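Reader: I am new to this structure. Please walk me through how to read its features, step by step.

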Amino acid sequence: MTHDLLAALRPLLTAEASAEAHATGTEPADLEQAVWLRLLEHLATDGRPPLDPHRWLRGAVRAESRRARRTTRRERPYATDPADDGDHGPEHLALTAARHRALRDAVRRLPGRCPRLLQALLSPRDLTYREIAGELGISQGSLGPERSRCLGCLRRLLAPEVAPREVRG
């Protein structure tokens, strides 16, 4: 039942999200994902699909679009990094460079597509998911799960290097 509902709603959601995304300044895929999540939450709480799924979907797209616009209006970029204490002496620069080297080395040791994916995510070009998916030749929808898997691998790889040493004796 749920699978049929999702298959039936997919084209409408794609069209509605594409139409609304431009006005919100978000990616259509991000808007789609938010609506799918809202639908799953609805199914979990009510235990059944909406009475008029198409009408519900249009309303959910509009609501998510309004939420995204409100968020965009409220967010302001920082003039400087708020955690930046301004201490850029030689010791600070050396430690920062060492951390970046360690991270790049760890990323290169990851399995499969993870090195290329994380390098694209860490790129100073600030690529969108669509651009990263195009570079890697994978679907945009698989980037999130793939990123999570790769970050999990990276976390496990770095854990021994950053874990505090216990006192023995």
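**Reading the protein**

Author: Start with contacts, meaning heavy atoms within 4.5 Å. Among contacts in the protein between residues at least 6 apart in sequence, 57% join residues at least 24 apart.

Reader: What kind of model is this, and how are residues numbered?

Author: This is a predicted model, in which local features need pLDDT of at least 70 and side-chain atom pairs count only at pLDDT 80 or more, while totals for chains, interfaces and linings use all residues. Residues are numbered from 1 along each chain as its sequence is written, and side-chain values use heavy atoms, with hydrogens and water left out.

Reader: How many helices and strands does the protein have?

Author: Elements are read from DSSP runs: helices are H or I with at least four residues, strands are E with at least two, and numbering starts at the N terminus. Here there are 7 helices and 0 strands. The order from the N terminus is α-α-α-α-α-α-α.

Reader: What do the words buried and exposed stand for?

Author: Buried means under 20% relative accessible area, exposed means over 50%, and partly exposed is in between (1.4 Å probe, protein chains only). By that rule, 29% of the 169 residues of the protein count as buried.

Reader: What does the accessible surface come to?

Author: Areas come from the Shrake-Rupley method with a 1.4 Å probe; for residues, only the protein chains shown count as cover. The total for the protein is about 12100 Å². Carbon and sulfur atoms hold 54% of that surface.

Reader: Next, salt bridges. How many salt bridges does a search of the whole structure find?

Author: A salt bridge is a side-chain nitrogen of Lys or Arg within 4 Å of a carboxyl oxygen of Asp or Glu. The search of the whole structure finds 10.

Reader: Which residue does E16 meet in a salt bridge?

Author: The partner of E16 is R62, at 2.6 Å, N to O. E16 lies in helix α1 (residues 2–24) and R62 in helix α3, so the pair ties together parts that are 46 residues apart in sequence. E16 is buried, at 13% relative accessible area. R62 is partly exposed, at 31%.

Reader: Which residue forms a salt bridge with E20?

Author: R62 again, with the closest N and O atoms 3.5 Å apart. This pair also links distant parts of the chain: E20 is in helix α1 and R62 in helix α3, 42 residues apart. E20 counts as buried, at 16% relative accessibility. A network of salt bridges links E16, E20, R58 and R62.

Reader: Where do E64 and R38 lie?

Author: First, the bond itself: the side chains of E64 and R38 meet in a salt bridge of 2.8 Å, N to O. The pair links distant parts of the chain, with E64 in helix α3 and R38 in helix α2, 26 residues apart. E64 counts as buried, at 7% relative accessibility. R38 is partly exposed, at 29%.

Reader: What is the nearest side chain of opposite charge to E32?

Author: Lys and Arg count as positive, Asp and Glu as negative; His and the chain ends are not counted. For E32, the nearest side chain of opposite charge is R10, 5.8 Å away. E32 is buried yet has no salt bridge. E32 sits in helix α2 (residues 28–46). Leaving aside neighbours within four places in sequence, E32 is in contact with L13, T14 and A17.

Reader: Which residues form the positive surface patch?

Author: Patches are made of residues with over 30% relative accessible area and no salt bridge; like charges are joined within 9 Å, and nonpolar side chains (Val, Leu, Ile, Met, Phe, Trp, Tyr) within 5 Å. The place of a charge is NZ of Lys, CZ of Arg, CG of Asp or CD of Glu. R66, R70, R73 and R74 form the positive patch. R74 is in helix α3 (residues 53–74) and is exposed, at 65% relative accessible area.

Reader: Where is D126 found?

Author: D126 is in the loop between α5 (114–121) and α6 (129–136). Most residues other than glycine have a negative phi. The phi of D126 is near 55°, a positive value. D126 is exposed, with a relative accessible area of 65%.
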